[in-house]
Amino acid sequence: MTHRLFYAYARHAFVAALRMARVTTGSTVLLPHFICRDVLASIAAVGATPMFYDIDDDLQVSQNTMLPAATAMLAVNYFGFPADLARLRRQLSDSATMIIEDNAHGWLSADEHGVPLGTRTALGITSFRKTIRSIDGAFLDWNSDQLSSEIASPIALSTRTESLPLSYRVRTLVSSIDQRLSLQLMGIARTNVRRLRRLTGAASIDERAQEEWQLPEHEAVHQSSLERFQRTDLLAEVVRRRNTFETCQTLAQRFNIQTPTTQLAPHVSPQGFPFFAGSGETDAFRAAITQSKLGEVVGWPSLPSATMLGISSKLRTIQLVNFLR
Ligand SMILES: Cc1ncc(COP(=O)(O)O)c(C=O)c1O
């Protein structure tokens, strides 16, 4: 039987998933070297130790290594493209390791059989705020048939209803003007904020090192995010994402840009179009993306300080044409 509970962030859902996977103080959790560092805060919250595994340039687990025994492992569906779970399982040295599907990027996406990502293992986490514009929004999916009956279900939290911050309301308004009038005010504003930060000597992106061990304050999802979630036209969103991906693919071919996700399988709903910056004519490609209003080009968030991702790994150059609007 499948169950779902909402949270403010996928990191909170991940804490609940880790507890259900019986991860406790001293347990080991496997996660890829290529991961955003704030995910580590969930592992820290349950007192466990992270252990990193290798990911190839195709965003799948590297075939070269057997994965050591661990209580749980995180399998990431990067950018809404399904992690190859069969390949992962073949490389686990302990078949009892609980696989938690990290579907932070992939709400609405499904695998080759049409099975929604985030529901392919006993426990899955999804951050729907990365797919639709909402102040927060994530959920935990679990399948009680695949878990021991002794494991208690997490308790549902009441939604938050406080008024939304002005900065968020302005961003939402600007985004809806952009959509209606086909403008790019949001992108322009963001570029200017970054410029201003550089001028004042601050890092261009807000670097919050403490995110590696500190979870976001609010655990409960905001009511407005749930309403936004419920009124989303799911089919239209998937169609828009797939069409935008195909347009990006055509531009990428024109400018000889390499992507880790060469195939758009039938049920995939991509978070965006990932590409290797530095391959082909990157500047011309970025300019064409901006001109065609396909999405904002963003970098990968900061990696964990302890990551051993090779300094020359192509994964370090990944950027994303983000389809969030
Ligand atoms: C792969 C991955 N997993 C989990 C998360 C955490 O999601 P949230 O910010 O909703 O906690 C992120 C955040 O960027 C992510 O990229």
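Reply: Gladly, and please keep in mind that this is a predicted model. By class, the shell around the ligand holds 9 nonpolar, 1 polar and 2 charged residues.

Me: Which residues surround the ligand?

Reply: The ligand is surrounded by Tyr9, Ala10, Arg11, Ile35, Cys36, Val39, Val76, Asp102, Ala104, Ser127, Ala138 and Pro301.

Me: Ok, and where is Arg129?

Reply: Arg129 is placed in the loop that runs between strand S6 (123–126) and strand S7 (138–143).

Me: Is Arg129 buried or exposed?

Reply: Arg129 is buried, because 23 other C-beta atoms lie within 10 Å, and the cut-off for calling a residue buried is 20 or more.

Me: What does Arg129 touch?

Reply: Leaving aside residues up to four places away in sequence, Arg129 touches Ser134, Asp136, Gly137, Ala138 and Ser225. Of these, Ala138 also belongs to the residues surrounding the ligand.

Me: How far apart are Arg129 and Tyr9?

Reply: In sequence Arg129 and Tyr9 are 120 residues apart, while in space their C-alpha atoms are 8.3 Å apart. Tyr9 is also among the residues that surround the ligand.

Me: Let's move on to S7, then. How many of its residues are buried?

Reply: In S7, 5 of the 6 residues are buried, so this strand is largely enclosed by the rest of the structure.

Me: And which strands pair with S7?

Reply: Strand S1 (residues 2–7) pairs with S7 in the antiparallel sense over 6 bridges, and S6 pairs with S7, also in the antiparallel sense, over 4 bridges.

Me: What about S2, is it covered or open?

Reply: Strand S2 (residues 28–32) is mostly covered, with 4 of its 5 residues buried. S2 and S3 run parallel and are joined by 5 bridges, and within that pairing Thr28 has Thr49 in S3 as its bridge partner.

Me: Switching to helices: how long is H7?

Reply: Helix H7 (residues 234–254) has 21 residues, and from its first C-alpha to its last it reaches 31 Å, which is close to the 30 Å expected at 1.5 Å a residue.

Me: Which residues of H7 are buried?

Reply: The buried residues of H7 are Arg241, Thr244, Phe245, Cys248, Leu251 and Ala252. Seen down the axis of H7, these buried residues fall within an arc of 125 degrees, so they line one face of the helix.

Me: What covers them, and what is on the face turned away?

Reply: The cover over the buried residues of H7 includes strand S8 (272–276), helix H8 (282–291) and strand S10 (318–322). The face turned away from the buried side carries the exposed residues Leu235, Ala236, Val239, Asn243, Thr250 and Gln253.

Me: What follows H4 and H7?

Reply: H4 is followed by Ser182, whose phi is positive and near 55 degrees, and just after H7 there is Asn256, which takes a positive phi of about 55 degrees.

Me: Last one: what about Arg316?

Reply: Arg316 lies in the loop between strand S9 (296–299) and S10, and it is partly exposed, with 17 other C-beta atoms within 10 Å. Arg316 and Leu303 are 13 residues apart along the chain, and their C-alpha atoms are separated by 9.1 Å.

Terms used. Residues numbered from 1 in each chain as written. Predicted model: local features only at pLDDT ≥ 70, side-chain atom pairs only at ≥ 80, totals over all residues. Helix = DSSP H or I, 4+ residues; strand = E, 2+ residues; numbered from the N terminus. Buried ≥ 20, exposed ≤ 12 C-beta atoms within 10 Å, placed from the backbone. Contact = placed C-beta atoms within 7 Å. Near = placed C-beta within 6 Å. Nonpolar A, V, L, I, M, F, W, Y, C, P; charged D, E, K, R; others polar. Expected span 1.5 Å × (residues − 1). Arc of directions from axis to C-beta. Pairing = 2+ DSSP bridges.
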